[in-house]
Amino acid sequence: MSTNPTHWTKVDNYFTDLLTPADPVLTAALQDSEAAGLPAINVAPNQGKLLHLLAQLQGAHRILEIGTLGGYSTIWLARALPADGHLLTLEYSPKHAEVAAANLTRAGLDKITEIRTGPALDSLATLHAESPAPFDLVFIDADKANNPHYVEWSLKLTRPGSLIIVDNVVRGGEVTNPKSDDPSIRGTRAALELIASHPKLDGTAVQTVGTKGYDGFALARVLD
Ligand SMILES: C[S@@+](CC[C@H](N)C(=O)[O-])C[C@H]1O[C@@H](n2cnc3c(N)ncnc32)[C@H](O)[C@@H]1O
């Protein structure tokens, strides 16, 4: 078994070339994000495809994303929606939101997606006050310190059977450190503990390696 990141990248590139063939819209989204100075902290292509497949398996009509960046994962998720579907994505940075909006328009997804700018905790409170129809899938990928709050809001905004996905739960293995004072680790651990203990959640977490290094996802199903 290899623990060499060079091998992880080689295998990721093999999977990506084989299973997620070059897509001009996604490539342009990444190129324009880079040109605008956004950090390259989007999901990897094979992870985007995983999100897309999960949304399709979920039969999702309504998706909530927390953490838009340049809209790369947004495109993967929104492409899984039916024509009358809707994806709402929350982003703190107006600059990131502007780049994402252009990327979503080029992808032909502007009619079924909406970006709300500002701190996600504020956007979530506003959203909840609007009593929206429940979301079928939530993808949490913003500031990790707030992950437990995002899981709690997700519970209020979903239905039994909805899927909640939390990205970056391994953080190079630091997630196992109960003494960490890193807010991202503390937030991630708190979110995992919430998933483990909440009577309305049934979840798991998986480690991943690849072009994005060593990390992982948590997945939780909302119960009755
Ligand atoms: C890891 S990136 C999202 C990547 C994106 N999901 C993708 O894979 O293409 C995290 C994003 O969350 C945003 N963010 C950070 N703190 C936030 C907050 N409090 N509210 C909303 N968005 C926030 C950052 O500006 C950044 O664009």
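**Exercise 1.** Which residue just after α3 takes a positive phi?

*Solution.* The model is a predicted one. Just after helix α3, the residue with a positive phi is G59, at about 60°.

**Exercise 2.** Determine whether the length of α3 agrees with its number of residues.

*Solution.* Helix α3 comprises residues 45-57. At 1.5 Å a residue, its 13 residues should span 18 Å. The C-alpha atoms at its ends are 18 Å apart, so the two values agree.

**Exercise 3.** Which residues of α3 are buried, and where around the axis do they lie?

*Solution.* The buried residues are Q47, G48, L51, H52, L54 and A55. They cover an arc of only 165° around the axis, and therefore lie on the same side of α3. An α-helix has 3.6 residues a turn, so residues three or four places apart point the same way. The elements covering the buried residues of α3 include β1, α4, β4, β5, β6 and β7.

**Exercise 4.** Describe how α1 and α3 are arranged.

*Solution.* The axes of α1 (residues 5-19) and α3 come within 9 Å and cross at roughly 50°. This angle makes α1 oblique to α3. At the contact, D12, F15, T16 and L19 of α1 meet P45, N46 and K49 of α3. By class, these are three nonpolar, two polar and two charged residues.

**Exercise 5.** Is S184 buried or exposed?

*Solution.* S184 belongs to helix α8 (residues 183-197). Its relative accessible area is 19%. Buried means under 20%, so S184 is buried. Leaving aside neighbours within four places in sequence, S184 is in contact with K144, A145 and R171.

Note on methods. Residues numbered from 1 in each chain as written. Predicted model: local features only at pLDDT ≥ 70, side-chain atom pairs only at ≥ 80, totals over all residues. Heavy atoms only, no water. Axes fitted to C-alpha atoms, helices over the stretch in contact; angles between N-to-C directions. Helix = DSSP H or I, 4+ residues; strand = E, 2+ residues; numbered from the N terminus. Parallel < 35°, antiparallel > 145°, perpendicular 65-115°, else oblique. Contact = heavy atoms within 4.5 Å. Nonpolar A, V, L, I, M, F, W, Y, C, P; charged D, E, K, R; others polar. Expected span 1.5 Å × (residues − 1). Buried < 20%, exposed > 50% of the residue type's maximum accessible area, 1.4 Å probe, protein only. Arc of directions from axis to C-beta.
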